[in-house]
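Take a look at the chain below.

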Amino acid sequence: MDRRNLAIIGILVILIAAAGIYAYTVSTQPDTSRLIVSTTTSLEDTGLLEEIEAAFEDKYPGTDVSVISGGTGIALQYGERGDADVLLTHDESEKRNL
């Protein structure tokens, strides 16, 4: 299995875990809620997040998933400021080893 497939599997595992945590916390809140995902432009450009977003919104009606993207640094800043609920970025140490 190549690195790209492993990365995609890793992203899916993270999103599924985040969805479970989010679904648990949303169950006690009003029906309409928002999940903000901050990611890198390279991941958003794959189109994978659009598919996951649609499936998540189908499974959890009333939840709006918003994806915001930028460079790794910007995506991390969104998380540091509390402007995003889930962060999907590159691992700088892994990036150097490629």
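Setting aside neighbours within four places in sequence, F56 is in contact with A19, Y22, L35, T63 and V65. This is a predicted model. F56 is found in helix α3. Is F56 buried or exposed? Its relative accessibility is 10%, so F56 counts as buried, because buried means under 20% relative accessible area.

F56 and I16 are 40 residues apart along the chain, and their C-alpha atoms are 9.3 Å apart in space.

Next comes E57. E57 also has its place in helix α3, which covers residues 48–59. The relative accessible area of E57 is 24%, so E57 is partly exposed: the range for that term runs between 20% and 50%. Which residues does E57 contact, leaving aside its neighbours within four places in sequence? They are T63, D64 and V65. The side chain of E57 also reaches the backbone nitrogen of V65, at 2.7 Å.

V65 leads on to S33. S33 and V65 are 32 residues apart in sequence, with 8.7 Å from C-alpha to C-alpha. S33 lies in strand β1. With 11% relative accessibility, S33 counts as buried.

The two C-alpha pairs are set side by side here.

| Pair | Apart in sequence | C-alpha to C-alpha |
|---|---|---|
| F56 and I16 | 40 residues | 9.3 Å |
| S33 and V65 | 32 residues | 8.7 Å |

Helix α3 provides the largest share of the lining, six residues. What kinds of residue line the second largest pocket? The lining divides into 15 nonpolar and two charged residues, with no polar ones.

Last, the whole chain. How many helices and strands does the protein chain have? There are five helices and three strands. Read along the sequence, they follow the pattern α-β-α-α-β-α-β-α. The protein chain has 98 residues, and buried residues make up 26% of them. Its accessible surface comes to about 6,500 Å². Carbon and sulfur atoms account for 55% of that surface.

Contacts can also be sorted by separation along the sequence. Among contacts between residues at least 6 apart in sequence, 72% join residues at least 24 apart.

To recap, F56 is a buried residue of helix α3.

Terms used
Residues are numbered from 1 along each chain as its sequence is written. This is a predicted model: local features need pLDDT of at least 70, side-chain atom pairs count only at pLDDT 80 or more; totals for chains, interfaces and linings use all residues. Side-chain values use heavy atoms; hydrogens and water are left out. Helices (H or I, at least four residues) and strands (E, at least two) are DSSP runs, numbered from the N terminus. Buried means under 20% relative accessible area, exposed over 50%, partly exposed in between (1.4 Å probe, protein chains only). Contact means heavy atoms within 4.5 Å. A polar contact is a pair of N or O atoms within 3.5 Å; within protein, one must be able to donate a hydrogen and the other to accept it, and residues adjacent in sequence count only if both atoms are side-chain atoms. Accessible areas come from the Shrake-Rupley method with a 1.4 Å probe; for residues, only the protein chains shown count as cover. Ala, Val, Leu, Ile, Met, Phe, Trp, Tyr, Cys and Pro count as nonpolar, Asp, Glu, Lys and Arg as charged, and the others, Gly among them, as polar.
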